[in-house]
Amino acid sequence: MANPLSHLASFTSNQISGSDHSLIVCREDIAKSYNQLSVMEDSTDIQNFCTNYGFYQDYAVNPQVQEMNKQQEEMNVYAVTPQVQTGSHVDKSHFSSLGPFELLRNNPSRCKNTEGDKIRNMNDRANAYQKLSAMQIMKLAGERFIQFSSNKFININNLLHPYGSALSNLSPDDNQDVELAQILLAAAEKVSDQQYDRARKMLSQCQPLASNTGNPAQRAVFYFAQALEERIDRETGRLMPKTHSVETDGSICIASRFDASHLAFHQEVPFTQVVHFTGIQAILESVATKPKVHLVDFLIRTGVQWASLIQAAAERKDNPIEHMKITVIESVNKERVEETGKSLESFAKSLNFPLSFKIVFLPDRNQLTEDHFDVKPDEGVVIYAAFFLRAMICEPNCLETAMRVVRRLQPELMVVSEVEANQNSPMFVNRFIDSLFYYSAFFDCLEDVMKRDDQHRMTLESVTYGRGIRNIVGSEGKERVCRSVNLDVWRSFLKRFGMEEVKLSETCLYQANLIIQQFACRNSCTADINGRSLIVSWKGTPIYITSAWKFH
């Protein structure tokens, strides 16, 4: 079995381093809009939904857009790249045979420094011992783990004692957290080597320090240690396999209802708003001259974003839309989607906007055909796939079927929003490391926007993130339903079907940044262009992507 150090190394090598209907939003408006999520499930009255949102009808880039882009570039200038010095030189030749952990040394995209990072200034005694983020803790733990493993020092006693590296300059609390994370990494390596007794002993060393009520690093270790223990129990026959009944939502696995804890998170962090409204902007641009629009939604969830699209379409003065049709594919909860459809139709009626809503209920998505959609020759078809593709990774036949149907529909545009993380490696330890760094960003995020004893935070971490972590780390085969791959993988996948990536407009980027600026965490959340797509990050860690596609 390959040594896991190569995957860890790829992370540690990089320092943590105008229009008449322009979009005018404020943080309170966004919160108010998302408060309507529960209303859309329980009532048809969304008369006042999203009244403060608008979308650009004139897509020429104006001076406001240029100024916003300039300000964004200036904000990125403040990024700092700290230099971590090691007490002894590590021969790089060791890493040529270190297996998957080596990626932690070579991956530039996962641990980028931003203005929001709390980095200790080595030249300023007054700022000494500023608390490191969970991402920084994990990075330093990975670097230290590589040093030990490369020099054949890997045992539990050595893991707990510094040996002259830059870690000796850390605060006692940070140094303790680095040691804690380092033991977790060592335990994951032992699990990957099926050395379960040794892994259990290492995890027992984590228990006194890890905590679901502590700082972000301690919370992350707590849930990942739980997941490792569950995996060990399954591998050793102490825990029987069971079927997981969860659905995926961006970075996390959640129960079927968007509850108050998720709503509280969305009121504080603009991840989902940026993703959805950027996608809507791209859709509006693609059908700017179409009198009839047919929107196909592969995974509607709450449908909150479509109220905004309806309002924007209703306000279009040039080339007004004569009729919009929304067709939704659903395989689980038909009643919930029916209520969503009634709410959207009621809202459209209040605006005197022609809308029809149709549900294609298919318990077996593999039976999907283009005939289910009743597309008319004069309709401009748009496909919306938000967090749908990753939900189908565990059902590759259904994914292939869906894409063949998309190809036959020949849409004007296909909007894809996905998690920007690689959590689908067949090698357990690779998947463990990628997930550890990705989820650490979320634990850092919650630290910044919620108090440690906040019940919403506790629910998000234990039920939402915790469930996702357990599934990714503790399960294999059909049981592992929480899967994601990064944008480059989706690019290769979609190109196989003859699709080409469409460059998102500067208006999309401007709008994304405008939304972010309405939140208190605006210095930590960023939206940037990756190739032709938009990527949303938290303190440099990629979280979500939105891309647009069309056929050649």
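Which hand does the crossing of H10 and H16 have, left or right? The crossing of H10 and H16 is left-handed, a term used if the near helix is turned anticlockwise from the far one by less than a right angle, with right-handed used if clockwise. This is a predicted model, in which local features need pLDDT of at least 70 and side-chain atom pairs count only at pLDDT 80 or more, while totals for chains, interfaces and linings use all residues. Residues are numbered from 1 along each chain as its sequence is written, and side-chain values use heavy atoms, with hydrogens and water left out.

Helix H10 spans residues 260–268 and helix H16 residues 455–474, and their axes come within 9 Å and cross at roughly 110 degrees; helices here are DSSP runs of H or I with at least four residues, numbered from the N terminus, and axes are lines fitted to C-alpha atoms over the stretch in contact, with angles from 0 to 180 degrees between N-to-C directions. H10 is therefore roughly perpendicular to H16, the class for angles of 65 to 115 degrees, whereas those under 35 count as roughly parallel, those over 145 as roughly antiparallel and the rest as oblique. In H10, Ala260, Ser261, His262, Ala264 and Phe265 meet His456, Thr459, Leu460, Thr464 and Tyr465 of H16, where contact means heavy atoms within 4.5 Å. H16 also has a kink of about 40 degrees centred on Gly466, the bend being the angle between axes fitted to the seven residues ending at a residue and the seven starting there.

A second pair is formed by helix H7 (residues 172–192) and helix H8 (residues 196–206), which pack at about 165 degrees with axes 8 Å apart. H7 is therefore roughly antiparallel to H8, and H7 passes H8 in a left-handed crossing. Among the residues making this contact are Leu180, Ile183 and Leu184 of H7 and Tyr196, Met202 and Leu203 of H8.

In the remaining pair, helix H12 (residues 304–314) packs against helix H13 (residues 334–350) at an angle of about 20 degrees, with their axes 10 Å apart. H12 is therefore roughly parallel to H13, and the crossing of H12 and H13 is right-handed. Here Trp306, Ala307, Ile310 and Gln311 of H12 meet Leu344, Phe347 and Ala348 of H13.

Notes:
Helix = DSSP H or I, 4+ residues; strand = E, 2+ residues; numbered from the N terminus.
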